[in-house]
Amino acid sequence: MKSASRSASSPFFSSIAAGAPPVGGISKRSFDILVALAALVVLSPIFVLIMALVKSSDGGRVFYGHRRIGYNGSTFRCLKFRTMAENGDALLQRYLDENPQAREEWRETRKLQDDPRVTVVGSVLRKLSLDELPQLINILRGEMSIVGPRPVVEDELELYEASAVYYLRSRPGLTGLWQVSGRNDVSYAARIAFDTHYVRNWSLTSDLVIVARTIPAVCLSRGSY
């Protein structure tokens, strides 16, 4: 799956100078490649096990790729192990039509605490953040980074308003400041503030600290659903 060209329809996508490197430059990119390669080698048995569990759960696809906005407005397919039923869009629409409170939760956060689309296997993968492991492939492709803002869809980026320029200066991350600071326990506005702070104050040391904080956050499943 190749990255698509930038969408000219959004005013945000012209905010970064053409050809300017992402935040962190060569040092961050080198760190990404080394960590992603090492993780893929070490975690390969877990990959195989998860693939078997997802396939055996309902016979559907193992991987799912969702269109997200990357550095400088480029689009790419953000890879995950599939955690939702194949007819997830229909299930979601029916659920939102029948539950006004859930519809408001979706409008504000683009997430649901009780998501009717999530399978039994998928709920476990999400709880442990294992569904996001295929994004290591996105990292090797140069579409994502080990650490960065959480990848968003185009509609979400509009919620960033003036802060969108900071999101677009960095590759989205497999983990990030928001993910280790409460995840779904914090407001969307706080998430934007975390992303903005990360980009404005980036350093390789901060990436190492966030990676180290990710391990206990995942093990304790803080703020995940």
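This is a predicted model: local features need pLDDT of at least 70, side-chain atom pairs count only at pLDDT 80 or more; totals for chains, interfaces and linings use all residues.
Figure 1. Strand β1 covers residues 63-69, runs antiparallel to β2, and is joined to it by 7 bridges. The two strands form a hairpin with 5 residues between them. Look in the turn for Asn-72, whose phi is positive at about 60°. As for cover, 6 of the 7 residues of β2 are buried, leaving the strand mostly covered.

**Figure 2. Helices α2 and α3 pack against each other.** Two packed helices are described by the angle between their axes and the distance between the axes. Here, α2 (residues 88-98) and α3 (residues 100-109) pack at about 120°, and their axes lie 5 Å apart. Because of that angle, α2 is oblique to α3. On the α2 side, the contact is made by Leu-92, Tyr-95, Leu-96, Asp-97 and Glu-98. Helix α3 answers with Pro-100, Ala-102, Arg-103 and Trp-106. Sorted by class, the contact of α2 with α3 holds 6 nonpolar and 3 charged residues, with no polar ones.

**Figure 3. The largest nonpolar core has 24 residues.** Which of them touch the most other members? They are Ile-50, Phe-81, Leu-136, Ile-139, Ile-146 and Ile-210. At least two residues of this core come from each of α1 (25-58), β2 (75-81), α5 (135-141), β3 (145-147) and α8 (188-200). Helix α1 gives the most, with 6 residues. For a closer look, take Ile-139: leaving aside residues up to four places away in sequence, Ile-139 touches Arg-29, Asp-32, Ala-36, Met-144, Ser-145, Ile-146 and Leu-174. There is also a second, separate core of 9 residues, with Leu-157, Ala-164, Leu-168 and Tyr-188 among them.

**Figure 4. Val-147 sits in strand β3.** Is Val-147 buried or exposed? Its relative accessibility is 1%, so Val-147 counts as buried. Not counting residues up to four places away in sequence, Val-147 touches Lys-28, Arg-171, Gly-173, Thr-175, Gly-176, Tyr-198, Asp-207, Ile-210 and Val-211. With Val-211, the sequence separation is 64 residues, while the C-alpha atoms are 7.4 Å apart in space.

**Figure 5. Ala-85 belongs to the loop between β2 and α2.** With a relative accessibility of 22%, Ala-85 counts as partly exposed, because that class begins where buried, meaning under 20%, ends. Beyond residues up to four places away in sequence, Ala-85 touches Leu-91, Arg-117 and Thr-119.

**Figure 6. Ser-129 and Glu-161 have positive phi values.** Most residues other than glycine have a negative phi. Ser-129 is not a glycine, yet its phi is positive, near 60°. Ser-129 is placed in the loop between α4 (120-127) and α5, and counts as buried because its relative accessibility is 13%. Glu-161 has a positive phi of about 50°, although this residue is not a glycine either. Its place is in the loop between α6 (154-157) and α7 (164-167). Glu-161 counts as exposed, at 60% relative accessibility.

Note on methods:
Residues are numbered from 1 along each chain as its sequence is written. Side-chain values use heavy atoms; hydrogens and water are left out. Axes are lines fitted to C-alpha atoms, for helices over the stretch in contact, and angles run from 0 to 180 degrees between N-to-C directions. Helices (H or I, at least four residues) and strands (E, at least two) are DSSP runs, numbered from the N terminus. Angles under 35 degrees count as roughly parallel, over 145 as roughly antiparallel, 65 to 115 as roughly perpendicular and the rest as oblique. Contact means heavy atoms within 4.5 Å. Ala, Val, Leu, Ile, Met, Phe, Trp, Tyr, Cys and Pro count as nonpolar, Asp, Glu, Lys and Arg as charged, and the others, Gly among them, as polar. A nonpolar core is a set of buried Ala, Val, Leu, Ile, Met, Phe, Trp, Tyr and Cys residues joined through side-chain atoms within 4.5 Å. Buried means under 20% relative accessible area, exposed over 50%, partly exposed in between (1.4 Å probe, protein chains only). Two strands pair if DSSP finds at least two bridges between them.
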